[in-house]
Structure formats: C-alpha cells, structure tokens
Amino acid sequence: MKTLIIFDSMYGNTEKIAKAVASGISGDIKVLKAGEAHLLDIINIGLLVIGLPTQGGRYTKPIAAFLNEISGQIKKGTIIAFFDTRMPSAWVKIFGFAAGKMADYFKKEGFQIVVPPEPFFVQGAQGPLQDGEPERAVAWGKDISLKIK
Ligand SMILES: Cc1cc2nc3c(=O)[nH]c(=O)nc-3n(C[C@H](O)[C@H](O)[C@H](O)COP(=O)(O)O)c2cc1C
C-alpha cells in the first residue's frame with residue numbers, strides 16, 4: 001500500500017517521530033514536510049499519516065495550507081492516522097490537542113480513522129523527545145500496518 005506521512009516541525013522533534021513511524025510501516029512510503037507536499041503526492045495513496053507539533057492546541061499554518069490544498073481530493077477509502085508532539089503539561093487540557101482536532105475534522109469529512117490519534121511527548125518546548133518516544137513511534141507505525149492488513 002502506498003503511504004504518505006506528512007508532518008510539520010519547528011524544532012525537529014515531530015520530524016524524528018515521523019521518520020520513526022515510517023520505519024514501522026512497511027511498503028511504498030514517502031515522508032514529507034508540510035510545505036514540500038502537494039496534491040500530486042496524495043495520488044493513489046492508501047494511507048495518509050499526519051503528524052504535527054501542538055502549538056496553542058491548533059494545527060500549524062503549513063499543515064492547514066496542505067489540508068486546504070488537498071481538500072476534497074483525497075479518495076474516501078483512504079485510511080488516515082494522526083499523531084502530535086506535545087508537552088506533558090496541563091496546557092493540553094486547557095487548549096485541546098492538535099491531532100484530536102485534526103481527527104475530528106476528517107471524521108466530519110466522512111473518513112475512517114483506524115487508530116486513535118497518538119501523542120508523543122517532548123521534555124520542553126524545543127525538545128528533546130522524552131526517552132523511549134522514537135521506539136514507541138516505530139511500534140505505533142507497526143500497529144497501523146497490522147490494523148490495515
Ligand atoms: C507557539 C507554540 C505554542 C505551543 N503550544 C503548546 C500547547 O498548547 N500544548 C503543548 O502541549 N505544547 C505546546 N507547545 C510545545 C510544542 O508542542 C513543542 O514545541 C513541539 O512538540 C515540538 O515539536 P517540533 O520540534 O517538531 O516543533 C507549543 C510550542 C510553541 C512554539
């Protein structure tokens with residue numbers, strides 16, 4: 001199955017998680033930063049994974065621009081999964097979190113979400129990732145692969 005992982009990342013932590021997730025998913029897979037990805041990249045994909053840093057509980061501008069560009073163009077059978085990176089703090093409880101909002105958006109558009117949005121944690125706003133998060137990301141990628149077989 002053809003997979004596209006699209007991520008945004010200000011300090012590199014979400015990029016590391018995106019690459020780790022990719023290494024857990026088998027098959028034809030492309031990992032692109034939002035801003036580098038365009039409509040052509042979603043042609044014939046069966047799985048779209050979107051990863052983004054939580055910033056004030058919203059999606060970042062490059063991801064919003066990508067979603068806007070592909071709006072109405074993704075095949076309805078496409079499987080979609082989301083993750084975000086965030087701080088282990090009460091902020092999320094106050095503002096909500098990025099991957100959850102994204103999943104709600106796609107659910108409203110009629111897509112099936114096969115795994116719940118997954119958070120990965122950074123130690124501070126600029127990182128680094130908490131210990132064990134890249135390994136957990138590989139396992140999450142493997143889990144998606146198993147669920148869509
Ligand atoms: C402007 C800004 C707003 C942020 N808001 C939140 C937030 O609401 N909740 C949270 O958990 N982390 C927040 N953070 C921390 C980010 O989640 C953290 O920078 C991100 O996970 C790092 O990923 P990156 O290295 O891929 O950019 C914020 C960071 C920035 C720069």
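Q: Against which elements do the buried residues of α1 pack?
A: Helices (H or I, at least four residues) and strands (E, at least two) are DSSP runs, numbered from the N terminus. Two residues are in contact if their C-beta atoms, placed from the backbone, lie within 7 Å. The buried residues of α1 pack against β1 (3–7), β2 (29–33), β3 (47–53), β4 (79–86), β5 (118–121) and α5 (133–147). This is a predicted model: local features need pLDDT of at least 70, side-chain atom pairs count only at pLDDT 80 or more, and totals for chains, interfaces and linings use all residues. Residues are numbered from 1 along each chain as its sequence is written.

Q: Which residues of α1 are buried?
A: A residue is buried if 20 or more other C-beta atoms lie within 10 Å of its own, exposed if 12 or fewer, and partly exposed in between. An α-helix has 3.6 residues a turn, so residues three or four places apart point the same way. In α1, the buried residues are N13, T14, K16, I17, A18, A20 and V21.

Q: What does V21 touch?
A: Leaving aside residues up to four places away in sequence, V21 touches I5, V49, F83, A137, W140 and G141.

Q: How many residues has the largest nonpolar core?
A: A nonpolar core is a set of buried Ala, Val, Leu, Ile, Met, Phe, Trp, Tyr and Cys residues joined through C-beta atoms within 7 Å. The largest has 33 residues, and I5, I6, V21 and I50 have the most contacts inside it. The element giving the most to this core is β3, with five residues.

Q: Where does T54 lie, and why is T54 called buried?
A: T54 lies in the loop between β3 and α2. T54 is buried because 24 other C-beta atoms are within 10 Å.
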